[in-house]
Amino acid sequence: MGGVSFEGGSPPPSYPGKLTPYVLLTVLAGAAGGLIFGYDLGISGGVTSMAPFLEKFFPDVYERQQSITSTNQYCKFNSPTLQLFTSSLYLAALFASLAAGEVTKKFGRRISMMMAGFIFLFGAALNAGAVHLSMLILGRILLGIGIGFANQSVPLYLSEMSPYNYRGRFNICFQLMITIGILCANLINFGTAKISGGWGWRLSLGLAGVPAVIILIASFFLSDTPNSMVQRGREIEAKALLKRIRGVDDVDTEFNDMLAAKNEADLVESPWRNLFGTKCYRPQLAMSILIPFFQQFTGINVIMFYAPVLFQSLGFGSDASLISSVITGVVNMFATGVSIYGSDRWGRRSLFLEGGVQMFIFQSLIAGLIGWRFGVSGNVTDIPFWFAAVVVVCICVYVMGFAWSWGPLGWLYPSEIFPLEVRSAAQSVTVAVNMAFTFIVGQCFLTMLCSMKYGLFIFFAFFVAVMTLFCYFFMPETKNIPIEEMTQVWRSHWFWKRFMNEPNDPVNKAIAMNKLRDRV
């Protein structure tokens, strides 16, 4: 149900070119934008498990944590204010991603990346020097604005710069950088938690400025994408850049497709109105909303940004919880390499399906183990080593499934399916939906854990089952399809093709114009 055939049964077009050192360095530098998102995902959970941090900003949680060991493990960290510290960033990222769409379209992908690094750097400095909760939350909001700009522009940048047959693995470098950021944050938390004097949390939060400086410096040296240059009327520069990044002089076919995409874009006066109101964009719009929604309801961010808190709630000691989160961070990083290797070989759809099945099995096992040991009361004073080891193994296998499927492909797939005329606006929708549900999950998780107990993991497993079925029936394959030819994927899909036959749609108008020009 996910196969792709172009009109007349012909294979998708191919463009001449090779993998050049220039494009390799450019893509890796651009992917560094994922570091700021990953570092924050990893750092917040570790900081919120540090006693000096809790004592200063969240004394009610600190007092509950210091209470007798027989207290309900499920509710040990339940605090709406503590959840607000973690989740406020994602609410800010939601609104920032919508503004970033216009910036990315009018000024290019590179400028948005530069703004992301600059704003994130200020947020890191504010958090490191925080003396009051309001100062801490303001810093988180600035970090969120930076992440909103980075997550909106970087996946687009990678998809447009990459040769079509390398697009999957290069775009997944963004997710790889996220996992590296998470791992670095976990290691830093493990070290700073041992600093005497109680200021280690400041160092953890302040070091967020390092990935911000990396993306800020990189953005000064990066070129913009040829697609963005064409969209802004800089055709001569765009063609010269295309020759440079493809390593060949014969780029006419790919460049002409970019010009055709620009002609389609010129027919669209309001990308936002057309995206939501025009029938031919309905399939891609559905994907740009449902994929980030499902990605967050895998429950992965519960594991990632609450990992130390979660492990402590499961009865692990403070050091043990941080070590366990480092282990899951290592697994996450190396498993992402499977997706880099396989996305352009095995396809996006097969990885989505396999990862979904794997996550469902092991999330169900985690729910069963926690339910068996903790029951509904959560009153457990002694966790045997074998039980702790089994839980960590199950979480690691679950993280593996996410890391080579919904993690990287949740960013790759939406960034490559939209035509140029609505691509920037559509990516803003993807990021906004992602951040909205990251905020909801982050704001509600500790409360849900307290009230739903081990049933919370069954709740997420249910959504994993639903999204896997959705992929099986409704997700077409996009591997090795040039980004400007992606419309044909939807025209040939058994379900989505019904939305692609309106003669007055911009895409069909542009196709008719191109055919008429070819005859002339």
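**Exercise 1.** At roughly what angle do the axes of helix 6 (residues 109-128) and helix 10 cross, and within what distance do they come?

*Solution.* The model is a predicted one, in which local features need pLDDT of at least 70 and side-chain atom pairs count only at pLDDT 80 or more, while totals for chains, interfaces and linings use all residues. Residues are numbered from 1 along each chain as its sequence is written, and side-chain values use heavy atoms, with hydrogens and water left out.

Step 1. Helices are DSSP runs (H or I, at least four residues) numbered from the N terminus. Axes are lines fitted to C-alpha atoms, for helices over the stretch in contact, and angles run from 0 to 180 degrees between N-to-C directions.

Step 2. The axes of helix 6 and helix 10 come within 8 Å and cross at roughly 155 degrees. That makes helix 6 roughly antiparallel to helix 10 (angles under 35 degrees count as roughly parallel, over 145 as roughly antiparallel, 65 to 115 as roughly perpendicular and the rest as oblique).

Step 3. The crossing is left-handed (the near helix is turned anticlockwise from the far one by less than a right angle; clockwise would be right-handed).

Step 4. Residues in contact (heavy atoms within 4.5 Å) include Met113, Phe118 and Leu121 in helix 6 and Val213, Leu216 and Phe220 in helix 10. By class, this contact has 11 nonpolar, three polar and one charged residues (Ala, Val, Leu, Ile, Met, Phe, Trp, Tyr, Cys and Pro count as nonpolar, Asp, Glu, Lys and Arg as charged, and the others, Gly among them, as polar).

**Exercise 2.** Determine whether helix 2 (residues 33-47) and helix 10 (residues 209-221) are roughly parallel or antiparallel, and describe their contact.

*Solution.* Step 1. The two axes come within 8 Å and cross at roughly 165 degrees; helix 2 and helix 10 are therefore roughly antiparallel.

Step 2. Their crossing is left-handed.

Step 3. From helix 2, Gly33, Leu35, Ile36 and Tyr39 meet Pro211, Ala212, Ile214 and Ile215 of helix 10. Seven of these residues are nonpolar, one is polar and none is charged.

**Exercise 3.** Describe how helix 7 packs against helix 21 (residues 406-416).

*Solution.* Step 1. The axes come within 9 Å and cross at roughly 70 degrees, and the helices are therefore roughly perpendicular.

Step 2. This crossing is right-handed.

Step 3. Asn151, Pro155, Leu156 and Ser159 in helix 7 meet Trp411, Ser415 and Glu416 in helix 21. The contact comprises three nonpolar, three polar and one charged residues.

**Exercise 4.** Which helix gives the most to the lining of the second largest cavity?

*Solution.* Step 1. Helix 7 (133-161) and helix 13 (252-266) each supply at least two lining residues.

Step 2. Helix 13 gives the most, with three residues.

Step 3. By class, the lining has five nonpolar, three polar and six charged residues.
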